[in-house]
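Welcome! Try each task before you read its solution.

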Amino acid sequence: MTEVRTGWETVVGLEVHAELSTATKLFCGCRNVFGEEPNTNVCPVCLGLPGSLPVLNRMAVELAMRIGTALHCRVQPSQFHRKNYFYPDMPKDYQISQYDVPINADGWLELPGGRRVGIVRAHLEEDTGKTTHVGGGGRIHEASHSLVDYNRAGVPLVEIVSAPDMRSAEEAKAYVDELRAILVATGVSDGKMEEGSLRVDANVSVRPAGSDQLGTRCEIKNMNSLRSLGRAVEYEASRQIRLIGEGRTVIQETRHWDEGAGKTGSMRSKEEAYDYRYFPEPDLVPLAPPAEWLGRVAASLPRLPAERRAALAALSGSSPDSDAVVTVVRLGLDRLVEAAPPEHAALALRRTANEVASDTEAAARLDARAFARLVALEAGGKLTVAQARTVLKELMRRGGDPEEIAAELGFEALDAGSLEKVVDEVVAAHPAEWERYAAGEDKLAGFFVGLVKKATGGSADLGEASALLRSRRGG
Amino acid sequence: MSAREIAAAVRAGATSAAAVVEEHLERAEGGDGEVHAFNSLLADHARRAAVAVDRAVAEGRDPGPLAGVPVALKDNICTRGIPTTCSSRILDGWRPPYDATVVRRLADSGAVVIGKTNMDEFAMGSSTENSAFGPTRNPRDKTRVPGGSSGGSAAAVAAGFAPLALGSDTGGSIRQPAALCGVVGAKPTYGLVSRYGLVAFASSLDQIGPLAADVADAAVLLDAISGPDPADSTCLAGEAPRAAERLDAGVDGIRVGVVRELAEAEGMSADVVSRLRQAAEALAGAGAKVDEVSVPAAVYGLSAYYLIAPAEASSNLARYDGVRYGLRVEEPGGDVTEMYEATRTAGFGDEVKRRVMLGTYALSAGYYDAYYGKAQKVRTLIIRDFDAAYESFDVLLSPTAPGTAFPLGSKTADPLTMYLNDVCTIPSNLAGHPAISVPFGWGDDGLPVGVQVLAPALGETVMFQVAAHIERLAP
């Protein structure tokens, strides 16, 4: 997916800050919540009052280990450092962060297309307060005064730093999208870019296509959606290519994305960059989670999106980066496809991605077994495509039984009862096999379906029979 | 009356806490005009606390081991609703919304906080002349300094304003003023006493400790405040050693090493060294096995200290920026950076500025390894050399300060000469080990001299045991 613009290649590395979904802040007992009255959710510790001391939140460490494990990082003993700089929204005028020994290092994330993006580190740190500049255009130098809300101060963050492995705005967006999906799936963060619980800074440089040298990079800040990330990377790459084309050089600096103007503007150059004077945080002891704890964290991780995409692709016979698979996994609707009769998984995937996914709220409520029966009806030819879509729409609207809905709508009546009877007989006649199937030996499904086929002289909807078998086992 | 006698009398109902407090308030109100041990005398607060103690006794409840004993608190220990100034203009008007852990422990022991004592600004100094509120005078000779930085606490005890005081010791700030005022002062093992609520100077070195008229009182006070605290991550878990456990056990068979490098350090006056030798001989006469011992890295302590402590201070003191509390100085139309500068310029004294600048420099990019990094290595060497010495000795002996109390103003012009005051006390802070200063005779000028007993980490029991015996042997 290398993007070549008149012989240039864009190189992107991303720094993502994700707020952790803990109950309390990183170093004190204040609640970790969004949207409270300003400066009501604070205490001596997160206000950095003289004499106060930080105490590390155990859950934050656990969530950090969770994301580290999900990103295939080395989860290691680590240490906190102080990052010193003056800013009114930082109560102590230093941020407690991690520096040369982060909790997670050297991992990777696989994009849906299969490309791996290196993860340099994913470390723990505290968030700052929030400054609102009043008057002017909302920028500090134009403001008449500023208001600071310290509710966010001390909220736990992981900063996830990628290698400069992305080659286009599209890839940068895909990376953030995937990372967000992993954060949500692992329960580490709610991943809401609009609420600021996921914040992305982009390091962008360009180089002649084919070069293996990195160009001078600029760090772009202030993108608050995937869309603005994409636009900002596009704009910045074009700006740099234009500069070089004009015989000028790119200056290493931090640039501010202006969403309205669709441009980046200079914030501060490398010469003006802060010297953060990092040194080990003397108020905290080194962090060395026992291997047994890390083992428990790793064992408790849910299936990750890449794994789920692979499973869904295998089940439905499609590609892991197909739009349908990516959409279904992103929306967490795998269960619908998995509940359908395996031989109709491809149809179930299409219906899920095309119809169900268009209404995420109703999708969340949709009963998987009813959906599976509907897919079987369609696959068995008992409903036409158009009828199936209509029934599905109703099913999503009000729930219920697809056959009843079909009957109500005057679609061809169905004798589901007789199929159920055949299935019952077949099961009753082979108790030993049923027990094995019920215990999880899935390949025996074929055995029973074959018997049903034989008993009905080939007239039964085998998908339906399959679903009945499963539902009997599940119930 | 000693603190022990007061507590015993109050607990037995032989005297009232109210009477004890009244007596001390009267003495302080009469004498402190000249001495200036206190930044604030908390008469109302103390009277209320005394009433509560007396009520407990009347109701048959035990108010605790320090029942009714007045305690003077160094003014860098946070007291809820009561100004805590660190003797700095920059904390003008600030009242902590919380009590330090030691303040709660004092209350739980029945002690009565009687006032907040003067100090060198942010505990930076060795004479209590670096106070924004003027110097404290030595009660033994009011033309002389009381030492520092806990000069107010030492003077309050020496003048009889309070039988007990708490100070903080980062490089000798309890022990050196104790020596100069002729009282006992101990710095506990790092982590034995919670730092929660102690306004930080150099977090990896700071410890709160007791000052008292005799060793047994100091031991009782330390035992009342020591022990684990979940609010301080650097506070040691596990049961604290009891300082008062073996005060009468004598020194028979105890191995005492006189630290050659400290006894012979630059600037030691002859009378101080001669008192040290005399104390060593007396211990030998009492059955201790006394010998000389070499702790080679100890002499590098001063240089390492003046990098590590300012480095940590530069970060710890960054929060005094005028944004949230304390002093704010601003010109109309100025921006936030100008406000920072004006506030810190007006709010901090020269010594604080000097150390903040030193520390900022020591942590700067490109200088870190040469300064802060190297100083930390020296620290490791000092610990190694102490460990070697403690293979052959139970405790070590050295002078506390190079000389007796010096005249006010005599060292203020030359910071380096002032810094040399701490050459014997600093190694214990760098190693995290306990040390105590005990009065032992007088200098040629008739002023008190202290000898220092050093012990390995958590060696408080044997340290106080030896100190108590030195006190018995003192001329």
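## Exercise 1: A strand and its partners

Task: In chain A, find the residue of E10(A) that A:Glu19 stands opposite.

Solution: Keep in mind that this is a predicted model.
- Step 1. Start at A:Glu19; in E10(A), A:Leu157 stands opposite.
- Step 2. Widen the view to the strands: E2(A) and strand E10 (residues 156-162) of chain A pair in the antiparallel sense, with 5 bridges.
- Step 3. Turn to E11 (residues 198-208) of chain A, which also pairs with E2(A) in the antiparallel sense, over 11 bridges. One pair to look for is A:Val16 with its bridge partner A:Val200 in E11(A).
- Step 4. Now ask how enclosed the strand is. In strand E2 (residues 8-19) of chain A, 10 of the 12 residues are buried, so the rest of the structure largely encloses this strand.

## Exercise 2: A helix with a kink

Task: Follow helix H2 (residues 17-35) of chain B and find where its kink is centred.

Solution: 
- Step 1. Check the span: the 19 residues of H2(B) reach 25 Å from first C-alpha to last, close to the expected 27 Å.
- Step 2. Locate the kink: it is about 35° and is centred on B:Glu29.
- Step 3. Pick out the buried residues of H2(B), among them B:Val20, B:His24, B:Leu25 and B:Asp32.
- Step 4. See what covers them: the cover includes helix H1 (3-12), helix H3 (43-58) and strand E3 (112-117) of chain B.
- Step 5. Finish just after H2(B), where B:His36 takes a positive phi of about 60°.

Key:
Residues numbered from 1 in each chain as written. Chains lettered and ligands numbered in written order. Predicted model: local features only at pLDDT ≥ 70, side-chain atom pairs only at ≥ 80, totals over all residues. Helix = DSSP H or I, 4+ residues; strand = E, 2+ residues; numbered from the N terminus. Expected span 1.5 Å × (residues − 1). Bend = angle between axes of the 7 residues up to and from the residue. Buried ≥ 20, exposed ≤ 12 C-beta atoms within 10 Å, placed from the backbone. Contact = placed C-beta atoms within 7 Å. Pairing = 2+ DSSP bridges.
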